[in-house]
Amino acid sequence: MDLAYTFSGFVVGAIVGMTGMGGGALMTPLLVLLFGVAPATAVGTDLLYAAITKSGGAVVHARKEHVRWPVVAALSAGSLPGALATIAFLRAFPADYRTADALLRNSLGGALLLTATALVVSIVLKRRGRDDAPRSGWRERRILPATVLVGLVLGVLVTLTSVGAGALGVTVLLFLYPSLPAARIVGTDIAHAVPLTLVAGLGHASLGTVDWGLLVALIVGSLPGIWLGSSLSARVPERVLRSGLAVLLALIGARLLF
């Protein structure tokens with residue numbers, strides 16, 4: 001069983017390194033459905049797994065100058081307070097956890113399916129020679145508070161479900177910062193996910209919902225996996241990477257809904 005955990009960590013780590021998403025959206029359902037881990041324990045363990053795994057990916061992307069640090073700071077200004085507030089809520093109202101988890105998963109699944117469709121449309125428009133539209137004056141004025149607000153929503157979602165740091169984060173960044181190359185979108189999202197999942201994971205540890213033995217087994221496989229995925233991400237053409245992101249978003253959304 002430990003070898004199966006390790007192999008799963010490697011596969012998910014490689015996907016996270018290459019696309020910036022798939023950690024919680026793939027690992028949490030995998031732990032619950034395939035390995036029979038309790039949902040609350042799967043979420044808490046996966047959050048710390050993501051924090052450690054994505055640290056390796058963040059280093060690789062930072063060395064390749066794929067991280068927009070001002071964007072990471074703006075996202076964190078919203079997500080870290082959101083994560084802390086959510087942990088406080090879970091501590092005060094533990095009985096409401098499963099209901100909130102189910103509702104958020106269904107909402108996120110529908111949003112990811114819609115976003116995947118929008119990404120496909122944007123890819124088609126690019127092939128026809130229409131590049132991303134330039135920023136409007138409104139976008140220039142509102143981009144910072146919008147990024148902080150997105151971070152706040154991510155902080156709540158990720159802490160409740162362990163899903164969203166990668167899948168939703170990459171999607172929103174693609175629309176907020178359309179001029180950024182896909183590799184920088186991925187690198188920025190991974191860098192932001194590290195402090196968010198660490199704070200949320202430590203919060204879950206204080207609630208007693210972390211399996212430390214399982215965490216170690218996952219990390220043994222994930223670190224080489226995310227190093228491999230992060231190294232390959234810049235070599236994949238942007239059109240291919242965006243197409244892959246759209247497909248992965250659709251699969252994750254369908255998995256969350258069904």
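Me: How many helices and how many strands does the secondary structure of the protein come to?
Reply: This is a predicted model. From the N terminus on, its elements run α-α-α-α-α-α-α-α-α-α. The secondary structure therefore comes to zero strands and 10 helices.

Me: What percentage of the residues in the protein is buried?
Reply: A residue counts as buried when its relative accessible area is under 20%. Among the 258 residues of the protein, the buried share is 51%.

Me: Which term describes how helix 7 and helix 8 are oriented to each other?
Reply: Helix 7 spans residues 167-176 and helix 8 spans residues 182-207; their axes come within 9 Å and cross at roughly 130°. Roughly perpendicular covers 65 to 115 degrees, and roughly antiparallel applies over 145. The crossing is right-handed. Helix 7 and helix 8 are therefore oblique.

Me: Which helices each supply at least two residues of the nonpolar patch?
Reply: The patch lies on the surface and is formed by F7, F10, V11, W227, L228 and L232. Together these residues have about 560 Å² of accessible area. The helices that each supply at least two of the patch residues are helix 1 (2-19) and helix 9 (212-233).

Me: Is V11 buried, partly exposed or exposed?
Reply: V11 is found in helix 1 and belongs to the nonpolar patch. Its relative accessibility is 34%. Buried would require under 20% and exposed over 50%, so V11 counts as partly exposed.

Technical notes. Residues numbered from 1 in each chain as written. Predicted model: local features only at pLDDT ≥ 70, side-chain atom pairs only at ≥ 80, totals over all residues. Heavy atoms only, no water. Patch = residues over 30% accessible without salt bridge, like charges linked within 9 Å, V, L, I, M, F, W, Y side chains within 5 Å. Areas by Shrake-Rupley, 256 points an atom, 1.4 Å probe, with all protein chains shown as cover. Salt bridge = Lys/Arg side-chain N within 4 Å of Asp/Glu carboxyl O. Helix = DSSP H or I, 4+ residues; strand = E, 2+ residues; numbered from the N terminus. Buried < 20%, exposed > 50% of the residue type's maximum accessible area, 1.4 Å probe, protein only. Axes fitted to C-alpha atoms, helices over the stretch in contact; angles between N-to-C directions. Parallel < 35°, antiparallel > 145°, perpendicular 65-115°, else oblique. Left-handed = near helix turned anticlockwise from the far one by under 90°.
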